[in-house]
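Thanks for coming. I will go through one model this morning, starting with its pocket and then moving to strands, salt bridges and a helix.

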Amino acid sequence: MLTVTALPAASEGQPLAPDVLVRKVLTDVLAAIKDTPSGDREGRARAVAFAKQAIIPHIDFERMTRLAVGRAWRTADAGQREALVANFSTLITRTYASAIDAYDGHETQIDPLELSPGDKDVIVRSRFKKAGAQPVEVDYAMAKSAEGWKVYDISVENVSLVITYRTQFGEQIARDGIDGLIQSLTEKNRPLSPALSR
């Protein structure tokens with residue numbers, strides 16, 4: 001895969017267009033992973049850590065968490081919301097970085113986006129391609145914020161990450177309440193090394 005070295009730069013105060021941003025992040029992340037042999041555990045860990053740091057600034061974790069928790073978000077207090085966002089963001093960052101690692105050797109293709117001046121919510125469509133395998137469609141739902149465009153949902157082969165987690169979270173909240181969900185997320189994140197956590 002060719003590394004893009006001449007991406008359109010954002011002008012002063014003007015954020016990168018969403019498709020350009022996705023292309024830049026994926027190119028940087030996949031290049032870092034490609035340059036590290038899979039047998040080099042320490043190097044691979046550093047590459048995945050780099051992936052996380054590249055991804056984190058471009059995800060709206062609060063909105064993603066709110067959408068995944070659904071109706072129960074309205075009844076959660078400030079402390080519970082903070083804990084939910086912190087734990088869910090760690091889980092999502094780890095999951096996505098690991099997924100990117102699994103696509104080592106793939107070529108990524110980002111569809112050009114026709115952006116109108118008033119657009120504030122868009123879908124950036126992409127696919128991971130590898131010789132001899134079916135392309136994997138990955139779409140990014142993005143919204144414009146004061147800090148630029150941010151991802152609030154990711155769909156793989158038309159399966160929404162937010163909706164998938166909303167179903168799981170809804171079932172757990174019905175059984176164990178919001179605190180039970182927080183505890184479950186905390187336990188899932190516990191095996192993470194502090195150096196790789198958010």
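**Pocket, strands and salt bridges**

The lining of the largest pocket is made up of 12 nonpolar and four polar residues, with no charged ones. Please keep in mind that this is a predicted model. The volume of that pocket is about 240 Å³. Its lining counts 16 residues, and those closest to the centre are Tyr-96, Ala-99, Ile-154, Val-156 and Leu-161. Two or more lining residues come from each of α4 (78-102), β3, β4 (148-156), β5 (159-160) and α5 (161-189). The largest share is that of α4, with five residues.

Now the strands. β2, residues 121-129, pairs with β1, residues 107-110, in the antiparallel sense, over four bridges. In that pairing, Ile-110 sits opposite Ser-126 of β2. β2 also pairs with β3, residues 136-145, again antiparallel, over eight bridges. Here Phe-128 has Val-136 of β3 as its bridge partner. The hairpin of β2 and β3 has six residues between the strands, and Gly-132 in this hairpin takes a positive phi near 85°.

Next, the salt bridges. How many are found in the whole structure? The search gives six. One of them joins Asp-139 and Arg-125, at 2.9 Å from N to O. Asp-139 belongs to strand β3 and Arg-125 to strand β2, 14 residues apart, so this pair links distant parts of the chain. Asp-139 has a relative accessible area of 11%, so it is buried, while Arg-125, at 42%, counts as partly exposed.

Another is formed by Arg-127 and Glu-137, whose closest N and O atoms are 3.4 Å apart. Arg-127 is buried at 13% relative accessible area, and Glu-137 is partly exposed at 31%.

Arg-175 and Asp-176 also form a salt bridge, with 3.9 Å between N and O. Arg-175 is exposed, at 58% relative accessibility, whereas Asp-176 is partly exposed, at 43%. Through shared partners, salt bridges join Asp-111, Arg-127 and Glu-137 into one network.

Last, helix α3. Just after α3 comes Gly-70, with a positive phi of about 75°.

Conventions: Residues are numbered from 1 along each chain as its sequence is written. This is a predicted model: local features need pLDDT of at least 70, side-chain atom pairs count only at pLDDT 80 or more; totals for chains, interfaces and linings use all residues. Side-chain values use heavy atoms; hydrogens and water are left out. Two strands pair if DSSP finds at least two bridges between them. On a 1 Å grid over the protein atoms alone, a cavity is a set of points where a 1.4 Å probe fits but cannot get out, and a pocket is an open set with protein on both sides within 12 Å along at least five of seven lines; lining residues have an atom within 4 Å of a point. Grid points are joined across faces, edges and corners, and a volume is the space filled by probe spheres set on the points. Ala, Val, Leu, Ile, Met, Phe, Trp, Tyr, Cys and Pro count as nonpolar, Asp, Glu, Lys and Arg as charged, and the others, Gly among them, as polar. A salt bridge is a side-chain nitrogen of Lys or Arg within 4 Å of a carboxyl oxygen of Asp or Glu. Buried means under 20% relative accessible area, exposed over 50%, partly exposed in between (1.4 Å probe, protein chains only).
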